[in-house]
Amino acid sequence: MTKFISLSTVCVVSATLLAAGMAQAQGLRPSTSLSGVRAGAAPGAQRSADFIVAIVNSEPITNNEVRARVLRFEQQQTQRGGTLPARAELMEQMLQRLISERAQVQVGRENGVKVDDAAVDASVLAIARQNQVNIAELRKRIEADGISYNQFRESIRDDMLLTRVREREVEGRVSITEQELDVFIVEQQGSIEANSLELNIAQILIAVPESATEAEIAALQARANTAAQRARAGEEFSVLARSLSQSLDRASGGVMGLRSAERYPSLFVDAVRAVNVGSITGPLRSGAGFHILKLLDKKQTAAPGMTVQQSRARHILLRLSAQRSESAAKERLAALRSEIAGGKLDFAVAAKDNSQDGSAAEGGDLGWVNPGQFVPEFEDVMNTLAPGQMSQPVVSRFGVHLIQLMERRETSLSVRQQRELARANLREKKAEEAFITWAEDVRARAYVELREPVQ
């Protein structure tokens, strides 16, 4: 099992995109989120006739594509306990998001980025497993919502292509010199307070295209000033964000989420550091446009140290296939667990004989790992175990695992590790800024024609 933490290429103004795969890693790290599936859809669910609602550079977006995205967003918000805007408003927001994404996908295709059928098949299978259904049942649920299975597969392909093209485009725009890194480390060391600060900020973005004239910029700034005045006058910020903002997080009222200050652009942190919760700040100008910010929450956490708690675990992995169902894998691992717990079988021997992972030769030993190196469904269970304790069979997108925690330790980061951690943080900040600029530029250059209203 390969394990490492890769650098996130995350758009800080798009919580949904973050969930959908902007933060990528390997090994046990997931790469595809649920797309277009509504659990429990009734077979008789009403279908809406499909028709074209927009053209993006001669490529159509259909009504059913927007409906699929709405269902996807509603499911995500329900799972998170979030609020939803009115359906008509959400339809419009998802249409605008699809327009931006379609333009980005087209850039990827023009640059030769491809996703083959095997990769799509693997992602669809993973989605079915996450919903605890087989492919046939998944297809039935999708089609019950009036969405063709082929359209669903193509949406998965586009999601994967979108992730690849974003990584490629953003990574190409991010470079870090050793001098920049030195300055960043000094700033971090001299500002422990900032590193231990957590913020939750909501924003309204009035985008400014790169090709905008002085007159157009002035008009957009006036629009931003009006939005800020309305927010300060007491209008509900989330309502203003949904109606006025041009950021991709506007469907959630512009809320970007509670995160450490170092994961926000320094422009935002500097603007809200000294203000009280509930305060409105801005407009602020960035490469993306004018931002109006509302500070929703601010927490001072313990100052970050240079030690981390590492875990050493081993596992037995049974991959799922046409020959082995999830229930069969669970049953097999439960039997192995019983034998190991009863002293009839050694865990390492069982791993060597049964595990379908690269760690099998080492008796399933995954070595010492830092927090965040495994997928949540694996790591969450591992973190509940005491040394020597075994889990029950655990399902992840890679199959079914039997996990045993061997030991834990506190370890200090070496100077080199600290420097690489700082490099990753700096790259993430610069990648966020680069993505915002690139996405706005792609959208501004696209020819968009709106057709029929979404239903």
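Trainee: Which residue just after α3 takes a positive phi?
Mentor: Gly112, with a phi of about 85 degrees. Keep in mind that this is a predicted model.

Trainee: Why is α3 described as largely enclosed by the rest of the structure?
Mentor: Because 17 of its 24 residues are buried.

Trainee: New topic. Which residues other than glycine have a positive phi?
Mentor: Asn57 is one of them, with phi near 50 degrees. Ser58 is another, with phi near 75 degrees.

Trainee: Where are they?
Mentor: Asn57 lies in the loop between β1 (52–56) and β2 (59–62). Ser58 lies in that loop too.

Trainee: Is Ser58 buried or exposed?
Mentor: Ser58 is exposed, at 63% relative accessible area. Asn57 counts as partly exposed, at 34%.

Trainee: Why point those phi values out?
Mentor: Because most residues other than glycine have a negative phi. Most peptide bonds are also trans.

Trainee: Then where is there a cis one?
Mentor: Between Gly282 and Pro283, with omega about 10 degrees. Pro283 is in strand β5, residues 280–285.

Trainee: Switching to salt bridges. How many does the structure hold?
Mentor: It holds 21. Take Arg109 and Asp158: their closest N and O atoms are 3.0 Å apart. Arg109 is in helix α3 and Asp158 in helix α6, 49 residues apart.

Trainee: Are those two buried or exposed?
Mentor: Arg109 counts as partly exposed, at 40% relative accessibility. Asp158 counts as buried, at 15%.

Trainee: What does Asp121 pair with?
Mentor: Arg153, with closest N and O atoms 2.7 Å apart. Asp121 lies in helix α4 and Arg153 in helix α6, so the pair ties together parts 32 residues apart in sequence.

Trainee: What about Lys430?
Mentor: Lys430 forms a salt bridge with Glu180, at 3.2 Å between the closest N and O atoms. Lys430 is in helix α15 and Glu180 in helix α7, 250 residues apart. Lys430 counts as partly exposed, at 23% relative accessibility. So does Glu180, at 33%.

Trainee: Last one. Where is Ser391?
Mentor: In the loop between α14 (376–384) and β9 (394–396). Ser391 counts as buried, at 4% relative accessibility. Beyond its neighbours within four places in sequence, its contacts are Arg337, Val381, Leu385, Leu402 and Ile403.

Notes:
Residues are numbered from 1 along each chain as its sequence is written. This is a predicted model: local features need pLDDT of at least 70, side-chain atom pairs count only at pLDDT 80 or more; totals for chains, interfaces and linings use all residues. Side-chain values use heavy atoms; hydrogens and water are left out. Buried means under 20% relative accessible area, exposed over 50%, partly exposed in between (1.4 Å probe, protein chains only). Helices (H or I, at least four residues) and strands (E, at least two) are DSSP runs, numbered from the N terminus. Contact means heavy atoms within 4.5 Å. A salt bridge is a side-chain nitrogen of Lys or Arg within 4 Å of a carboxyl oxygen of Asp or Glu.
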